Amino acid sequence: MATDPRVVAELREMFVAGATPSRLIRHIAGRHDGEPWPRLVGEYFAQAFSVVTVVADGWPETQDLDDVDPSELDRELLRDMVGRSHLWRPSNEADAPAWWDGLRSVAGSEPELLDRLRPEGEPALREVWDSLPERTRSHIRRATVNAAAYHQYTAVLTRLVERLQDQVLRLEQERELAIAGT
């Protein structure tokens, strides 16, 4: 069983419109109903969003999606998918609006964050950095990366919540107009 390029395109379109990774997994399951779709989840996400792995890779062949905590799927994947959008989003679509527009640079992974961050350049550490033991510097780097990663998770989740709230408001307005028109 192989991935379907049409499903890859659908996943990208859904994500740009505001679908969460857990919603995308439900879409994969629906498009491969009756097949052992959990084996395909990692491959779909790799093809569609250039992410290396997802939690679902280790799931059994049959999985009740109502028993899965979406937060296990969404937190890191969202950040990674947004951070790698320059890899998977075609250049002709890159100018089209996406829900994450306006976010400052988001890393595609924690190793990428580690490469970017330089705590030794921070004013509070600049003068003492060279005198710190290597183990202490390593802990400071890890703490800095963790803090930056959580900041990015929060920024991405906040932007998605804003997008979803806009959709809820639009639906409420449409419902009110429909009720007023009847």
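**View 1. Helix 1 and helix 2 cross with axes within 10 Å of each other.** The crossing angle is roughly 155 degrees. Axes here are lines fitted to C-alpha atoms, for helices over the stretch in contact, and angles run from 0 to 180 degrees between N-to-C directions. That angle makes helix 1 roughly antiparallel to helix 2 (under 35 degrees counts as roughly parallel, over 145 as roughly antiparallel, 65 to 115 as roughly perpendicular, the rest as oblique). The crossing is right-handed, meaning that the near helix is turned clockwise from the far one by less than a right angle. From helix 1, Arg 6, Val 7, Glu 10, Leu 11, Met 14 and Phe 15 meet Arg 23, Leu 24, His 27, Ile 28 and Arg 31 of helix 2. Contact means heavy atoms within 4.5 Å. By class, this contact has six nonpolar, one polar and four charged residues (Ala, Val, Leu, Ile, Met, Phe, Trp, Tyr, Cys and Pro are nonpolar; Asp, Glu, Lys and Arg charged; the others, Gly among them, polar).

The model is predicted: local features need pLDDT of at least 70, side-chain atom pairs count only at pLDDT 80 or more, and totals for chains, interfaces and linings use all residues. Residues are numbered from 1 along each chain as its sequence is written, and side-chain values use heavy atoms, without hydrogens and water.

**View 2. Helix 1 (residues 5-17) meets helix 3 (residues 38-49).** Helices are DSSP runs (H or I, at least four residues), numbered from the N terminus. The two axes come within 9 Å and cross at roughly 65 degrees. Helix 1 and helix 3 are therefore roughly perpendicular. Their crossing is right-handed. Val 7, Val 8, Leu 11, Arg 12 and Phe 15 of helix 1 touch Tyr 44, Gln 47, Ala 48 and Phe 49 of helix 3. Seven of these residues are nonpolar, one is polar and one is charged.

**View 3. The largest nonpolar core has 30 residues.** Such a core is a set of buried Ala, Val, Leu, Ile, Met, Phe, Trp, Tyr and Cys residues joined through side-chain atoms within 4.5 Å. Buried means under 20% relative accessible area, exposed over 50%, partly exposed in between (1.4 Å probe, protein chains only). Phe 15, Leu 24, Phe 45 and Phe 49 have the most contacts inside this core. Helix 1, helix 2 (21-31), helix 3, helix 4 (70-83) and helix 8 (134-181) each give two or more residues.

**View 4. Pro 111 lies in helix 6 (residues 110-116).** Pro 111 counts as exposed, at 56% relative accessibility. Pro 111 and Val 145 are 34 residues apart in sequence. Their C-alpha atoms are 8.8 Å apart in space.
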